[in-house]
Amino acid sequence: MAVAGQNLKDQIRKLVELQVVDEEIFRFKRELRDKPAELDVLKTEFESKKNRLKGLEDKLKTIQVSQKELELDLKAKEEGIAKADASLNLLKTNKEYQARLLEIENLKADKSLVEEKILLGYDEVDAAKRSVEAEKALVAQYEKDFAAAKKKFDDEMLVIADQLKVKVSQRDRILPSVRPDYLSRYERILNNKDGLGIVKVVDHACGGCFMHLTEQVINELKKYEEIVTCDQCARMLYLADEL
Ligand SMILES: [Zn+2]
């Protein structure tokens, strides 16, 4: 038993060594998988800011178009008044003259309504322009921030990918010293149990799922006859102070 026990202890040591590396491999892989979502959030925010700017620009355009129409309307009204004014001298009767004067008064009243609208329109155009400028400044700032975040993201991804590579080669160096049957058992658990294949016993409990372990399980562990697993989470167990 002594030789077999020693061998099993060595194998457990190797598996624990592997576990240390695998934990990091899982962490790096998780980061590589999850990080792009953080950037997507920023990208979405950026898009919505750009859409908001587009909306404000469209609003400004609409106001400017209606302002143009009002100006054309004003011009037509002014021409109408000038024409009516010029025609006054050609009228034969006083009645016609009075009627034309009234008409001119009405035209002038219409004209001042349009003028009022135009004045209000100027204010609207100014306000809309200010909104567009403010939003443009925000978008420009955000564009800068986003570019910086993207750069940081790309750099971080490269660093993580490098760290992952280092860990994978460390792993590859440990692999030849692990018995193939133990390795495949360990890897199956590792992949099913979120990167934890072998866990230490902490205060008589499984270090993976924290279930209390019976005295019998602890005794089995101390015998080093075979690999002992947790009844609840199926992870391999080891006694840290025995290694
Ligand atoms: Zn467990």
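**Exercise 1. Decide whether Q67 is buried or exposed.**

Solution. Q67 has a relative accessibility of 5%, so Q67 counts as buried (buried means under 20% relative accessible area, exposed over 50% and partly exposed in between, with a 1.4 Å probe and protein chains only). Before going on, note that this is a predicted model, where local features need pLDDT of at least 70, side-chain atom pairs count only at pLDDT 80 or more, and totals for chains, interfaces and linings use all residues. Residues are numbered from 1 along each chain as its sequence is written, and side-chain values use heavy atoms, with hydrogens and water left out.

**Exercise 2. Find what Q67 is in contact with, leaving aside its neighbours within four places in sequence.**

Solution. Step one: look around Q67 for contacts (heavy atoms within 4.5 Å). You will find K117, I118, G121 and Y122. Step two: pick out I118, whose backbone oxygen lies 2.8 Å from the side chain of Q67.

**Exercise 3. Work out which residues coordinate the zinc ion and how they are arranged.**

Solution. Step one: list the donors (N, O and S atoms within 2.8 Å of the metal, or 3.2 Å for Na, K and Ca; water is not among the atoms, so sites may look incomplete). They are the SG atoms of C206, C209, C230 and C233, at 2.2 to 2.3 Å. Step two: check the angles. They run from 103 to 117°, which makes the arrangement tetrahedral (for four donors, all angles between 85 and 135 degrees). Step three: read the spacing in sequence, which is C-x2-C-x20-C-x2-C.

Notes:
A polar contact is a pair of N or O atoms within 3.5 Å; within protein, one must be able to donate a hydrogen and the other to accept it, and residues adjacent in sequence count only if both atoms are side-chain atoms. Four donors count as tetrahedral if all angles lie between 85 and 135 degrees; four count as square planar and six as octahedral if opposite donors are over 155 degrees apart and all others between 65 and 115; anything else is irregular.
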